Amino acid sequence: MKTVGLVAPASRAEAVNQARRAASLLRALGARVVTEPELLPLLPECDALDAGDRVDALVSLGGDGTLLRCAQYAAACDAPLLGINMGRLGFLAETEPEALEDALRLLLSGEYQTEERAMLAVRMPDGEDRVALNDVVITRGGYARLITMRVLVDGEEVGSYHADGLIVATPTGSTGYSLSAGGPIISPRVDCTVITPVCAHSLQHRPVVVPGSAVISVQLHSDDEMTASLQVDGQSCAMLQNGGSVDIRRAAHSVRLVRLKRERFFEVVHHKLIEWSC
């Protein structure tokens with residue numbers, strides 16, 4: 001029997017209804033279904049999904065934020081991840097709720113391909129490691145003034161940024177916050193990482209693309225009044241104090257996104273980003 005994990009936002013009724021539908025379909029197909037603890041009261045027929053659980057596949061029912069959360073489980077247990085778009089953009093999702101039944105049948109029968117996406121690893125100030133599919137962001141948050149950050153790549157100084165923040169993104173994350181901040185669109189087949197300043201107080205600061213194997217160090221300027229928020233895939237994880245630093249590098253784990261049809265990256269870019277924004 002295969003074990004499939006379901007991840008959905010418990011606060012969204014439509015997503016919960018689709019999760020119930022998915023759980024029923026999966027059980028009818030002979031699978032064991034597990035879900036996050038906060039969703040269990042709404043899906044009592046499922047078992048609890050823990051970070052260390054071994055699952056054969058994961059299904060995200062929500063927007064890109066839900067899929068990014070689901071990616072944490074997928075990376076930890078090396079399971080393929082199928083995204084069902086319940087959000088507005090759904091850039092990373094594979095299909096829509098209307099095709100849920102067919103998608104789940106193909107998933108359980110193994111009739112799909114996977115697309116591997118690199119992740120970033122960042123060491124928190126408390127010593128804990130976090131991984132990101134999209135990006136790691138250092139931002140001034142509620143701090144009234146701009147923050148100054150010194151950036152090094154493999155020990156070589158790139159420069160100092162006086163800005164609202166700094167984004168370190170994977171190719172997957174290049175179409176997210178980094179793009180909004182003026183960064184390039186990067187094909188997921190390119191082995192690189194992009195460093196994008198946010199509202200830098202200099203016309204000389206531009207996004208920088210570095211090798212995927214590079215270690216990126218970001219050091220907050222030593223100023224008694226300066227603090228910054230550290231965010232991993234959109235989730236605030238820690239505060240950096242004056243003089244604090246973080247190292248960001250490629251994670252040991254990657255995420256395997258389920259593809260039910262031949263993936264054409266720039267076709268998706270055109271449909272999801274260009275037409276959607278018109």
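Colleague: Are Glu 115 and Arg 117 buried or exposed?

Modeller: A quick note on the source: this is a predicted model, where local features need pLDDT of at least 70 and side-chain atom pairs count only at pLDDT 80 or more, while totals for chains, interfaces and linings use all residues. Residues are numbered from 1 along each chain as its sequence is written, and side-chain values use heavy atoms, leaving out hydrogens and water. Buried means under 20% relative accessible area, exposed over 50%, and partly exposed in between, with a 1.4 Å probe and protein chains only. Here, Glu 115 is buried, and Arg 117 is buried too.

Colleague: Which residue forms a salt bridge with Glu 115 at 3.3 Å?

Modeller: A salt bridge is a side-chain nitrogen of Lys or Arg within 4 Å of a carboxyl oxygen of Asp or Glu. At 3.3 Å between the closest N and O atoms, the partner of Glu 115 is Arg 259. Glu 115 sits in strand S6 and Arg 259 in strand S17, so their contact ties together parts 144 residues apart in sequence. Strands are DSSP runs (E, at least two residues), as are helices (H or I, at least four), numbered from the N terminus. Arg 259 is buried, at 5% relative accessibility.

Colleague: Which residues are linked with Glu 115 in a network of salt bridges?

Modeller: The network joins Glu 115 with Glu 94, Arg 117, Arg 259 and Lys 261.

Colleague: And how many salt bridges are found in the whole structure?

Modeller: The search finds 15. One of them pairs Glu 45 with Arg 27 at 3.6 Å, N to O.
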